[in-house]
Amino acid sequence: MQKSIRELHQALESGATTSTALTEKYLAAIEKQDDQIGAFLHVDAEGALKRAAELDERRKSGERLTPLAGIPMALKDNMCTLDMPTTCASRILEGYVSPYEADVVTRLKAQGAVILGKLNLDEFAMGGSTEHSYYKMTRNPADTSRVPGGSSGGSAAAVAAGEAVYTLGSDTGGSIRQPASFCGVAGLKPTYGRVSRRGLVAFASSLDQIGPIARSVEDLAYILPAISGYDPMDSTSANRPVDRTDVLLGKDVSKMRIALPTAFFGDGLQKEVKEAVLKAAKRYESLGAQVEEVDMPTLKHALPAYYLISSAEASSNLARFDGVQYGYRTESFDSLGDLYKKSRGEGFGREVKRRILLGTYALSSGYYDAYYQKALKVRTLIQSEFRRIFEGFDAVLSPVAPTTAYKFGAHSKNPVEMYLEDIYTVPVNIAGLPGLSVNCGVDSEGLPIGMQLIGRAFDEATLLSLGYAYEQSFMKGGASDGE
Amino acid sequence: MANNDIYEVVIGLEVHVELATETKIFCGCPTTFGAAPNTQCCPVCMGMPGTLPVLNEKVVEYAARAGIATHCTLTTRGRQDRKNYFYPDLPKAYQISQSQLPIAEHGYLDIQVEGNTRRIGITRIHIEEDAGKLVHDGGEGTLIDYNRCGVPLIEIVSEPDLRSAEEVKAYLQKLRAMVMYLGVSSGKMNEGAFRCDVNLSIRKHGETAFGTRTEMKNLNSFAFIAKAIESETARQIKVIESGGQVTQETRRWDAAKGVSAAMRSKEDAHDYRYFPDPDLMPIIIDDEMQASLRASMPLLPDDYIDQYTKQYGIKPEVADALVSDKAVAEYFESVVKEVKDADMLANFMMTEVKRLMASGEEESAIGMSVHQLASLINLASSEKINLSIAKKVADKIWNTDILPKDYIDSEDLWPIVDRTVLEAFADQVLTQNPRILSDYLGGKTQAFGAYMGQMMRLTKGKADPGVSEQIFMDRIQK
């Protein structure tokens, strides 16, 4: 059984283990099995061990360190680091080293985090299976013939495979929650603005949010305060107080009201997933919460709105990769236009190109009002629908994805099928709300099933307390539900 | 020329003004002009992956001040949009600008042309970031200097209300003076701090519909702008007269050749795919901020023109010209306190001082101290010297610290007013040129001019004209 962050912190404090020992253990796990899993794009063994030794030294000298100090973790490879490449799993950023580091990296370093390396993803975080990485395939540790989900597939697989205590992912339309669900771990997409986006290579600026993936909800509650907080250099960062771990886990869930949107339990949902989530709902009732079905008619428009908004923003955000200043440049070209076309044509993968084309089209003169503008209106409607629901409820419960982890290549013929996988997760990004993915069982093939809890803006405490209460109910009463 | 009786030229201007903020619009890099290439940039202004813009509040304040000065309505909730296009001087491949909700809209600027006041509409003023500079180096291909990336600009768009090159010049001079008086820009055209695109079309007098317009870019001096307008007007008239149609296109002015050439037509014009920049929050200019900006506006060119005409009795067009350069106006104000004839000072400044300034290498350097000019004007206004001597003295003491009086002493330029001395010269003239007197008496009045000319020649211009004239008249009486 893997130890929690709390337990590791205690072991480090008591001297039962050292950061060096822990780091060596995780590096050994990576060494031993990552050929098979493929979670890491870059491992910085030397840097991690050096950092671990420093922290051991500081601890030995009597310094009181934070709960994350000395604990090995890893970053999705779309967060900028100074001492490792940042590739976004794209050929166009092969070997690119950022001249500055992401705000989350600075914060984690200040907390004493030991960074093992950078993790695989769908190129530029576009995709739900991590199959769209230019560099490698990442396999689901629960069944290596299946995808780990995505785009933060490396982040979820690394945690599930015991190659990092926790990881950071980014979530634009479900990219933390869905791979966490597929790999059977916990993942949190914080409220938009909770975690600085500075140094996160942008996919869709109005939707992107960094968040943690870990083995348990309890662990998430240790990581969130460490990465959150106002960043004056991110204009969309929220200047709001950050709850401490005990507050995040300590809310009384017994009087909480949970909404089940009927729209999220209809056609296309795998039967076993539906049953597992409804069973979790029952469990909340047994903990004293009230669960009620609700009608949220605008949710069905979230998916098309999401693909328009995210692709439109992506088409602009990714325009800077033009072969001029940094990154991949084509071998030979005979004009400026040729340089652009070839560098981008050769540097980007198919899925990224598809999104750029879609987004460019949606923003084009004559189509803007029909597509992008309309999508923004839908966004406003969805936001107000959630606001209305949260007047009477503390959280919304739903599946994370319609299915459990699928086989490699299952959706490679039809991208729309893959996009439909995001149907339950994208409304959360559209509305800028926090969303938590928690394991709630396995299907008949032993594949993990995740449930999603959606909360009010900046109320991660309710979500984490609900998730924690669910986890704890198995600890205290024993895993008596037959799971 | 005859064509100008048939055709009317219609011009609207887009003026880009670099704001004189200490730091760039979205990062903390300095904006100093002329630094070594790529020494004033950071990951943000170089558009490195993952970077985010944070709006410099000063930029909003400066743009709002320009809006107030041009009688615009300020937005209460502005927005910044991305203008998407690929070019190597634009590292993000989009420029952060404003499309739908600019800082200021619906204003005007009054200009003086040939003694008349014309009111030119201001469509909008918006903020945006400047791009970098491409340096075409023969040997190594094209190099990029990112220093200018992210230098804040305001774009001031006028209505198509201008009707001649003279009006354009008056408008630009007024606008440039305004931004300089506001302290929001250096206004230096040679540093690209004040640049102009000209939208121009022609139509027959009396028509109300606009003709097809062309846009001319790359105009960075008043002289080029005037030439470009004349040349483009003539070109369009020629096209129409020969039965053709003007094509809507962007043209680039080639100052060396003195002609414009088509850059791109409407068909291959960019679709900039403007959309709200999701990295930036709305710009809120609330009532409180508006009130505080309005309460702290400096005096502007119009205020000074008003003051100069009322307080010193200077003609409006001279006052207008004086205030068009803030440094000149400030100099004028220092000198005017020490002179008796403000009107003479203003006229002397707008002719002689301007001429001497233009002859120098540095555009706006004034090569005479306040005291030097004040004493020179006082000598002239008290008729101790005449204006032609004053001009000569100004020429000689420019860029020196010699006082006018000392120079006149040393060169013995004081006018000869002593009647006895002048009578001797007059007699010499009349004796040597007997025909002058006989011609004059015979009715040829121009003979008087010949007399005065000879007087001046003999006295090296120092003969007092009044006394000399009196002597001549006295001689005729005899």
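In chain B of this predicted model, Glu383(B) lies in the loop between helix H10 (370-381) and helix H11 (387-397); helices (DSSP runs of H or I, at least four residues) and strands (DSSP runs of E, at least two) are numbered from the N terminus. Glu383(B) counts as exposed because its relative accessibility is 68%; buried means under 20% relative accessible area, exposed over 50% and partly exposed in between, with a 1.4 Å probe and protein chains only. The loop between H11 and helix H12 (404-411) of chain B contains Asn399(B), a non-glycine residue that likewise has a positive phi, near 65 degrees. At 65% relative accessibility, Asn399(B) counts as exposed.

Residues are numbered from 1 along each chain as its sequence is written, and chains are lettered from A and ligands numbered from 1 in the order in which they are written. Local features need pLDDT of at least 70 and side-chain atom pairs count only at pLDDT 80 or more, while totals for chains, interfaces and linings use all residues; side-chain values use heavy atoms, with hydrogens and water left out.

Chain B has 16 helices and 16 strands. Its C-alpha atoms fill a box of roughly 95 × 55 × 55 Å along the principal axes. Of the 478 residues in chain B, 49% are buried. Among contacts (heavy atoms within 4.5 Å) in chain B between residues at least 6 apart in sequence, 69% join residues at least 24 apart.

An open sheet of nine strands in chain B has the order E2-E6-E7-E10-E1-E11-E12-E13-E14, with mixed pairing; two strands pair if DSSP finds at least two bridges between them. Strand E2 (73-74) and strand E14 (259-265) of chain B stand at the edges, each with a single partner strand, so one side of each is left without a neighbour in the sheet. Within the sheet, strand E6 (residues 104-113) and strand E7 (residues 116-129) of chain B pair in the antiparallel sense over nine bridges, and Leu109(B) stands opposite Ile120(B) in E7(B). Helix H4 (residues 222-241) of chain B packs on this sheet, touching E1, E11, strand E12 (214-219), strand E13 (249-254) and E14; its direction makes about 25 degrees with that of E11(B). Angles run from 0 to 180 degrees between N-to-C directions, and axes are lines fitted to C-alpha atoms, for helices over the stretch in contact. Helix H3(B) lies across strand E1 (7-18), E6, E7, strand E10 (152-158) and strand E11 (194-204) of chain B, running at about 115 degrees to E6(B).

Arg176(B) is found in H3 (residues 165-182) of chain B and counts as buried because its relative accessibility is 14%. Leaving aside residues up to four places away in sequence, Arg176(B) touches Gly187(B), Met189(B), Phe194(B), Phe222(B) and Ser324(B).

Helix H2 (residues 57-69) of chain B has 13 residues and reaches 19 Å from its first C-alpha to its last, close to the 18 Å expected at 1.5 Å a residue, where the expected span is 1.5 Å times one less than the number of residues. H2(B) is mostly covered, with eleven of its 13 residues buried; among them are Glu61(B), Tyr62(B) and Arg65(B).

The axes of helix H13 (residues 419-432) and helix H14 (residues 434-441) of chain B come within 4 Å and cross at roughly 80 degrees. H13(B) is therefore roughly perpendicular to H14(B), a class that covers 65 to 115 degrees, with angles under 35 degrees roughly parallel, over 145 roughly antiparallel and the rest oblique. Val429(B), Leu430(B), Thr431(B) and Gln432(B) of H13(B) make the contact with Pro434(B), Ile436(B) and Leu437(B) of H14(B).

Elsewhere in chain B, strand E8 (residues 133-137) and strand E9 (residues 141-145) pair in the antiparallel sense over five bridges. E8(B) and E9(B) form a hairpin with three residues between them, in which His136(B) stands opposite Thr142(B) in E9(B).

In chain A, eleven strands form an open sheet in the order E1-E3-E2-E4-E6-E5-E10-E11-E9-E7-E8, with mixed pairing. Strand E1 (40-43) and strand E8 (290-294) of chain A are the edge strands, each pairing on one side only. The twist averages 30 degrees from one strand to the next.
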